[in-house]
Amino acid sequence: MTEKIKNITIALAGNPNSGKTTVFNSLTGMRQHVGNYPGVTVEKKEGLCHHKDFVLNIVDLPGTYSLTAYSAEEIVARNFIVEEKPDVVVDVIDSANIERNLYLAVQLMEMEAPIVLAFNMSDVAKNKGLIFDIEMLSSLFGLPIVQTIGNKDQGINELLEATVKTAQDKQRCSNLRIKYGKEIEDELEKLQQQLQTEKDLLKKFNSRWIAVKLLEQDEEILKQVKDTKVLDAAQDSINHLREIFGEEPEIIIADRRYGFISGACQEAVKNTIETRHNRSDMIDAVVTHRVFGLPIFVALMYIVFDLTFRIGKWPMGWLEGLFGFLSRYISGFWPTGQESLIKSLIVDGILGGVGGVVIFLPNILLLFMAIAVLEGTGYMARAAFVTDRIMHKIGLHGKSFIPMLIGFGCTVPAIMACRILENRRNRITTILVLPLFSCGARITIYALFIPAFFALKWRGAVMLLIYFIGIVLAVIAAKILRLTLLRGETVPFVMELPPYRMPTFKAILIHMWERGWLYLKKAGTVILVISVILWFAGNFPRSAVEQEEEDISQKQILEYSITGRLSGFLEPAFKPLGFDKRIVTALIGAMAAKEVFVAQMGITYAISEHEDVSVLREKLRADYTPLQAFCIMLFCLISAPCVATVAVTRAETGRIGWAIFQWAGLTALAYVVTLVVYQLGMYLS
Amino acid sequence: MKSKEEISLRKVSSGTLVMLLKIDAGQGLKVRLAAMGLLPGVQFTVINNGHPGPFVIDLKGNRMVLGKGMADKMLVKPISKND
């Protein structure tokens, strides 16, 4: 070899809760970046690591228990191994739980991937009284095994050493084959004979693996088989085996794999402590208690929520100050009276747009810090269980409760929080209904209208009614979506309860950093572009007359602009809802951000920035009825989520279609609901 | 033939060691459970049978929580600890 630096690609595989992320963090530090696997919404994390003369590119595969074709995560993990052919697959094993964790290792072996096993959390296993004969296990499986403690950076060097060694080894795959018993082996052999014609498949996989997958009725593989004779033969074999065992071959195969693992562990693992004393059980008795569980959860969520928005207020204030300073500073380049369009573009369009993006960052960082703590300690698994009883009724998973709660603060981080939901249908349903949870920005609208139209004693009730309508609509919409577009079995609840742990500071920091960066990259750019477009629509075209006039008001510009004209055009459609042109103009502005509604109303009434909001309330009272005011608030609650929401929905669902569907669906729903309320109100009065 | 001892997991009281006999579910769910180690023939202890609180089992030292619907679908045979 002449080249000095060699590149090695490593795939990191492992069960959920195996401490895979801590090993990944330990290997790569902050040198990671997050993306998605092409075409699916499964997260892909990559990072670099240097070891001696090698540069290791480490790809974190999704955490899975198995490599079947039943979930997107498992297909992604397995396709990566087949198609990208990583030099080594490091399988992270939870040492305290090795039998189940080795199940994945056995499947990786069957794929003939070069594997190194990392027996992680070996300290926890030791405390539980487990003693491993590593040498024996290593020879039984034919694989190198390294003991690690990911969150303490222990064993990482040895792991790298073993990995690099395996990567250079010619004979790097284990030659161990699980024996499935005579009946199954006979069928496997028959199928392997039949497979000779499947040249394309054989290029990618070994024939034994394909045969096993055929018996498991693996949909991904069945799709790729060209010869119907092969499919027929597979079906015959399955029927034959089903008759012999009275069970699906797939289950029998799983059983044999576990049998092999059990046998190996009986020889090489000793348990020196009989009963598992359990602090985790004691905590669980309290936090998952039928009566106390829910109040404890609500209290914790309140803290998360409060922390996100209360502490978030400070950095948000600083950011606002900074952007205010920047816009004043840039405005200073133009002498008074000679403000050009370029100034308006830079200050109102671009700076306003960037400010609109960055302003959410403190909330997102704080929120994900809290989520990292809840997930890291193991509480999240319990929380999902506690809320499952309620959420199950509307066809969602218990964990959906968390983004919904966050949605009352801001829909943008709430949608990002949906990543904690593993099931795709659950995730998309939750994302779609999230804008119905009235966010903080909409409070500015309520705060303008409620005091203007309702007596003091009714104000709280009206506000509560608005929130309540949103929640009820969300529940109904979620239920309908789950019964129609996003139908699917509500996954019966089975989940691991990982023991409680103390999360490391580093892990929390990395998690925050990842989320923040992802938000800026994915959503930020879209929000910026749309903000500039909306600025343009609100400022152009300009009439020739106005160009010469000294003091053209914002009001006149707006009326003459695309937004103004569009409002005029749309006005007839909104008449039955009790809206006039001013309201429509403000609603178009609110598409950028809900709080823009109030600013736009101010402009249409030609209220100068120095005047108090009570002046605007006076004018509103003169022009509208309480019923109209209520309808405006109702429409703002339900309709058209803001651009930031649209952008995040697109990014998180992976498809622009869902974002459009959400936007259009909610707007249509808003129209119908408001129409009914307004017309009914008119009829009754 | 249905054995007398064959009962729904839901009815098993806390602290009992049981053997899983059958899961009354679709192929997809059965395989998912199999991957998590819940296969016919496997033994586990019921830590908490769900009243009050969640249905928690101990499967080879690993805590798992099951929904009540899930516990209904599992047929088990209680095993006396003295065997």
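Student: Which residues of helix 21 of chain A meet which residues in helix 30 of chain A?

Tutor: In this predicted model, A:Arg442, A:Ile445, A:Tyr446, A:Phe449, A:Ala452 and A:Phe453 of helix 21 of chain A meet A:Pro626, A:Ala629, A:Ile632, A:Met633, A:Cys636 and A:Leu637 of helix 30 of chain A. By class, this contact has eleven nonpolar, no polar and one charged residues.

Student: Why are helix 21 of chain A and helix 30 of chain A called roughly antiparallel?

Tutor: Two packed helices are described by the angle between their axes and the distance between the axes. Here the axes of helix 21 (residues 440–453) and helix 30 (residues 626–638) of chain A come within 10 Å and cross at roughly 170 degrees. Angles over 145 degrees count as roughly antiparallel, and helix 21 and helix 30 of chain A are therefore roughly antiparallel to each other.

Student: What makes helix 5 of chain A and helix 12 of chain A roughly antiparallel to each other?

Tutor: Helix 5 (residues 134–141) of chain A packs on helix 12 of chain A at an angle of about 155 degrees, with the axes 9 Å apart. The cut-off is again over 145 degrees, and the pair is therefore roughly antiparallel. The crossing of helix 5 and helix 12 of chain A is right-handed.

Student: Which residues meet where helix 5 of chain A touches helix 12 of chain A?

Tutor: A:Met136, A:Leu137, A:Leu140 and A:Phe141 in helix 5 of chain A meet A:Ala264, A:Glu267 and A:Ala268 in helix 12 of chain A. By class, that contact has six nonpolar, no polar and one charged residues.

Student: How many residues of chain A are in contact with chain B, and which elements of chain A give two or more residues to that side?

Tutor: 32 residues of chain A are in contact with 28 residues of chain B. On the chain A side, the elements that give two or more residues are helix 3 (98–110), helix 12 (249–268), helix 13 (279–287), helix 17 (379–393) and strand 10 (494–496). Helix 12 of chain A gives the largest share, five residues. By class, the side of chain A that touches chain B has 15 nonpolar, six polar and eleven charged residues.

Student: How do you know that strand 10 of chain A pairs with strand 5 of chain B?

Tutor: Pairing needs at least two bridges between the strands. Three bridges join strand 10 of chain A to strand 5 (residues 62–66) of chain B, and the two strands run antiparallel. Within strand 5 of chain B, B:Val65 is the bridge partner of A:Met495.

Student: Why are strand 10 of chain A and strand 1 of chain B said to stand at the edges of the sheet?

Tutor: The open sheet has seven strands in the order 10(A)-5(B)-4(B)-3(B)-2(B)-6(B)-1(B), with antiparallel pairing. Strand 10 of chain A and strand 1 (7–8) of chain B each have a single partner strand, so one side of each is left without a neighbour in the sheet.

Student: What makes strand 2 of chain B a partner of both strand 3 and strand 6 of chain B?

Tutor: The requirement is at least two bridges for each pair. Strand 2 (residues 17–23) of chain B is joined to strand 3 (residues 43–49) of chain B by three bridges, running antiparallel. The bridge partner of B:Leu17 in strand 3 of chain B is B:Thr45. Strand 2 of chain B also pairs with strand 6 (residues 74–79) of chain B over six bridges, in the antiparallel sense. There, B:Ile23 has B:Met74 as its bridge partner.

Student: Which pattern of helices and strands does chain B follow?

Tutor: Chain B has two helices and six strands, and along the sequence they follow the pattern β-β-α-β-β-β-α-β. Of its 83 residues, 42% count as buried.

Student: Why is A:Thr377 called partly exposed?

Tutor: A residue is buried with 20 or more other C-beta atoms within 10 Å and exposed with 12 or fewer. A:Thr377 has 16, which means that A:Thr377 is partly exposed. This residue is found in helix 16 (residues 361–377) of chain A. Leaving out residues up to four places away in sequence, A:Thr377 touches A:Tyr500, A:Arg501 and A:Pro503.

Student: What is the make-up of chain A in helices and strands, and what share of its residues is buried?

Tutor: Chain A has 32 helices and ten strands. Of the 685 residues of chain A, 44% count as buried.

Technical notes:
Residues numbered from 1 in each chain as written. Chains lettered and ligands numbered in written order. Predicted model: local features only at pLDDT ≥ 70, side-chain atom pairs only at ≥ 80, totals over all residues. Contact = placed C-beta atoms within 7 Å. Helix = DSSP H or I, 4+ residues; strand = E, 2+ residues; numbered from the N terminus. Nonpolar A, V, L, I, M, F, W, Y, C, P; charged D, E, K, R; others polar. Axes fitted to C-alpha atoms, helices over the stretch in contact; angles between N-to-C directions. Parallel < 35°, antiparallel > 145°, perpendicular 65-115°, else oblique. Left-handed = near helix turned anticlockwise from the far one by under 90°.
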